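Subject: Structure handover

Dear colleague,

Here is the structure for your files. My notes on it follow below.

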Amino acid sequence: MALNLNSFNLQTYKYSSFALPTMSRGNLRSSTILMASTVGSGTKEVESLKKPFTPPREVHVQVTHTMPPQKVEIFKSLEDWAEQNILVHLKPVEKCWQAQDFLPDPASDGFYDQVKELRERAKEIPDDYFVVLVGDMITEEALPTYQTMLNTLDGVRDETGASLTSWAVWTRAWTAEENRHGDVLNKYLFLSGRVDMKAIEKTIQYLIGSGMDPRTENNPYLGFIYTSFQERATFISHGNTARLAKEHGDMKLAQICGIIASDEKRHETAYTKIVEKLFEVDPDGTVLALADMMKKKISMPAHLMYDGQDDDLFDHFSAVAQRLGVYTAKDYADILEFLVGRWNVGNLAGLSSEGRRAQEYVCGLPPRIRRLEERAQGRAKQSPIVPFSWIYNRDVQL
């Protein structure tokens with residue numbers, strides 16, 4: 001059975017590799033929904049009006065602009081450092097791969113034969129793999145939401161839409177590089193004939209409309225910790241889809257997933273370097289931010305995924321990914337352990353008493369997560385079978 005990734009419960013917090021924000025479940029499309037509010041005003045119940053789009057999920061109370069002004073100055077002071085140390089992790093456009101490098105050439109005489117070959121290879125791939133590949137693609141296609149989120153972070157946002165600050169240049173160029181990931185997977189899936197593109201396109205529209213709530217509070221300390229974790233998570237996920245594609249005999253798809261993974265790895269290097277610098281200039285504030293982010297848990301960016309019919313679509317997609325070994329609770333613990341080591345958190349000195357408590361908490365968290373995973377696996381029962389709209393409502397075991 002796939003591990004229930006929302007089952008980890010450490011004190012009052014939950015930790016999971018594919019976690020939804022803490023929220024009341026039940027009928028998410030009842031006549032009333034809980035809407036997000038700013039801190040202090042509490043959660044409000046409002047009548048769900050007939051609108052062209054209503055976010056499909058209940059969300060927790062949102063907290064905004066928690067970083068004090070003096071911390072903003074730290075990021076302004078690091079703009080030259082970012083230009084010299086972060087922008088170097090971008091590739092010139094002319095040296096970047098593009099989706100067309102891996103897909104049939106529509107201008108060639110052999111285009112139809114190339115598409116036929118692609119479809120023949122895709123026939124050998126099982127439905128559960130396509131569920132995970134589609135979920136990964138939809139996550140990549142919600143890129144407008146991720147750029148928007150980065151531009152909420154105080155001190156590093158793109159103030160004009162074309163700002164020349166190093167932080168703004170990074171955000172736009174990172175977005176441009178990431179945009180190719182959804183492009184190539186979307187086109188591959190379209191040509192494969194194995195998936196329901198209209199259902200997928202609806203899911204993408206719902207997801208972009210719903211946004212995301214990583215609970216980063218407009219705080220770049222939290223934001224860059226989140227992106228460090230996420231880039232490594234996507235590196236692992238795409239690497240595993242590449243491995244499985246190779247096992248299923250589709251070397252071209254394996255190449256596609258592998259090249260995406262390599263981008264994610266490069267982006268991970270940039271984000272982890274930013275947090276490493278923050279540990280250098282403000283170790284106490286950074287370790288407190290790391291503990292805060294881990295207590296709230298790292299929710300995957302597509303946690304508000306919905307296709308118009310399955311209220312638990314993200315949980316179901318996550319369970320299939322867990323069962324196939326594409327992205328698991330163990331990976332979540334491994335990522336945290338890697339980052340704690342990468343940032344040398346265990347050896348930080350000169351911390352406040354609160355900072356030392358945060359240090360101890362974070363360093364002790366990976367083994368705790370693993371123990372809870374083992375217990376959950378021991379309690380696992382036969383996993384259910386559910387239909388996925390993405391594959392024409394065919395059933396897949398979770």
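Arg194 sits in the loop that joins helix 6 (166-192) to helix 7 (197-210); helices (H or I, at least four residues) are DSSP runs, numbered from the N terminus. This is a predicted model, in which local features need pLDDT of at least 70 and side-chain atom pairs count only at pLDDT 80 or more, while totals for chains, interfaces and linings use all residues. Residues are numbered from 1 along each chain as its sequence is written, and side-chain values use heavy atoms, with hydrogens and water left out.

The relative accessible area of Arg194 is 15%, so Arg194 is buried (under 20% relative accessible area, 1.4 Å probe, protein chains only). Setting aside neighbours within four places in sequence, Arg194 has contacts with Ala122, Lys123, Ile125, Pro126, Asp127, Phe130, Ile391, Tyr392 and Arg394; contact means heavy atoms within 4.5 Å.

Helix 5

The buried residues in helix 5 are Leu143, Thr145, Tyr146, Met149 and Leu150. They line one face of the helix, because seen down its axis they fall within an arc of 155 degrees (taken from the directions from the helix axis to the C-beta atoms). Their cover includes helix 4, helix 6, helix 7, helix 8 and helix 9 (251-281).

Cavities

There are 2 cavities of 30 Å³ or more in the structure. A cavity is a set of points, on a 1 Å grid over the protein atoms alone, where a 1.4 Å probe fits but cannot get out; lining residues have an atom within 4 Å of a point. Points are joined across faces, edges and corners, and a volume is the space filled by probe spheres set on them.

The largest cavity has a volume of about 210 Å³. It is lined by 16 residues, of which Tyr146, Trp174, Gln230, Glu231 and Pro301 are the closest to its centre. Helix 4 (127-141), helix 5 (143-150), helix 6 and helix 8 (220-247) each contribute at least two lining residues, and helix 8 gives the most, with 5. By class, this lining has 8 nonpolar, 4 polar and 4 charged residues (Ala, Val, Leu, Ile, Met, Phe, Trp, Tyr, Cys and Pro count as nonpolar, Asp, Glu, Lys and Arg as charged, the others, Gly among them, as polar).

The second largest cavity has a volume of about 160 Å³. Of its 15 lining residues, Asp136, Thr139, Thr234, Ser237 and Met300 are the closest to its centre. Helix 8 gives the most to this lining as well, with 5 residues.

Regards

Technical notes. Buried < 20%, exposed > 50% of the residue type's maximum accessible area, 1.4 Å probe, protein only. 1 Å grid on protein atoms, 1.4 Å probe; cavity = no way out; pocket = protein on both sides within 12 Å on 5 of 7 lines; lining within 4 Å.
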